[in-house]
Amino acid sequence: VQLVESGGGLVQPGGSLRLSCAASGSIFSINYMAWYRQAPGKEREFVASIGVGGSTRYASSVKGRFTISRDNAKNTMYLQMNSLKSEDTAVYYCHEVVRLRTNPANDQSVWGQGTLVTVSS
């Protein structure tokens, strides 16, 4: 299974970006999808998650500004980021827990390679 993020870039404070995370491979199911981020000199932190039924959870620092969503038909997850602040600057990683068609009884934890978001004027 491979996760490929896209949509990062440079944006001014107050602007918006939409990140995508596309999963490919022999996937039986995706049971958990989440975004994490790592700012320079800091540890990786949780941003948002979405469950199988669509239930969402957000870090307090992004609640009300970021929206996580998923398209099950495309095995793709999104993160709509609005009202961006300089402190949102980080490498954003998608993380999923999947089950493979070759081993549908066991969960596999998968990470993307990351996409850089820079918020600066």
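**Figure 1. Salt bridges across the structure.** A search of the whole predicted model finds 4 salt bridges, a salt bridge being a side-chain nitrogen of Lys or Arg within 4 Å of a carboxyl oxygen of Asp or Glu. Side chains of opposite charge can pair when their charged atoms come close. This is a predicted model, in which local features need pLDDT of at least 70 and side-chain atom pairs count only at pLDDT 80 or more, while totals for chains, interfaces and linings use all residues. Residues are numbered from 1 along each chain as its sequence is written, and side-chain values use heavy atoms, with hydrogens and water left out.

**Figure 2. The salt-bridge network around R37.** R37, E45, R65 and D88 are linked in a network of salt bridges. In the pair formed by E45 and R37, the closest N and O atoms are 2.7 Å apart. R37 also meets D88 in a salt bridge, with an N to O distance of 2.9 Å. D88 lies in the loop between β8 and β9, and R37 in strand β4 (residues 27-38), so this pair ties together parts that are 51 residues apart in sequence. Strands (E, at least two residues) and helices (H or I, at least four) are DSSP runs, numbered from the N terminus.

Figure 3. Relative accessible area is classed as buried under 20%, exposed over 50% and partly exposed in between (1.4 Å probe, protein chains only). R37 counts as buried because its relative accessibility is 5%. D88 is likewise buried, at 0%. E45, with a relative accessible area of 36%, is partly exposed.

**Figure 4. The salt bridge between R99 and D107.** The closest N and O atoms of R99 and D107 are 2.7 Å apart in this salt bridge. R99 is partly exposed, with a relative accessible area of 27%. D107 is also partly exposed, and its value is 46%.

**Figure 5. The disulfide between C21 and C94.** The structure holds 1 disulfide, defined as a pair of cysteine sulfur atoms within 2.5 Å. This disulfide joins C21 to C94, with an S to S distance of 2.1 Å. The pair links distant parts of the chain, as C21 is in strand β3 and C94 in strand β9, 73 residues apart. The torsion about the S-S bond is about 60 degrees, so the disulfide is right-handed. C21 counts as buried at 0% relative accessibility, and C94 is buried at 0% as well.

**Figure 6. Strand β3 and its partners.** Two strands pair if DSSP finds at least two bridges between them. Strand β3 (residues 17-24) runs antiparallel to strand β1 (residues 2-6), and 5 bridges join the two. Within this pairing, L3 stands opposite A23 of β3. Strand β3 is also joined to strand β8 (residues 76-81), by 6 bridges in an antiparallel arrangement. Here the bridge partner of C21 is M77 in β8. In a regular strand the side chains alternate between the two faces of the sheet.

**Figure 7. The surroundings of R101.** R101 is found in the loop between β9 (90-100) and β10 (103-111). With a relative accessibility of 57%, R101 counts as exposed. Leaving aside residues up to four places away in sequence, R101 touches S26, I27 and F28, where contact means heavy atoms within 4.5 Å. The C-alpha atoms of R101 and S29 are separated by 8.2 Å, although these residues are 72 residues apart along the chain.
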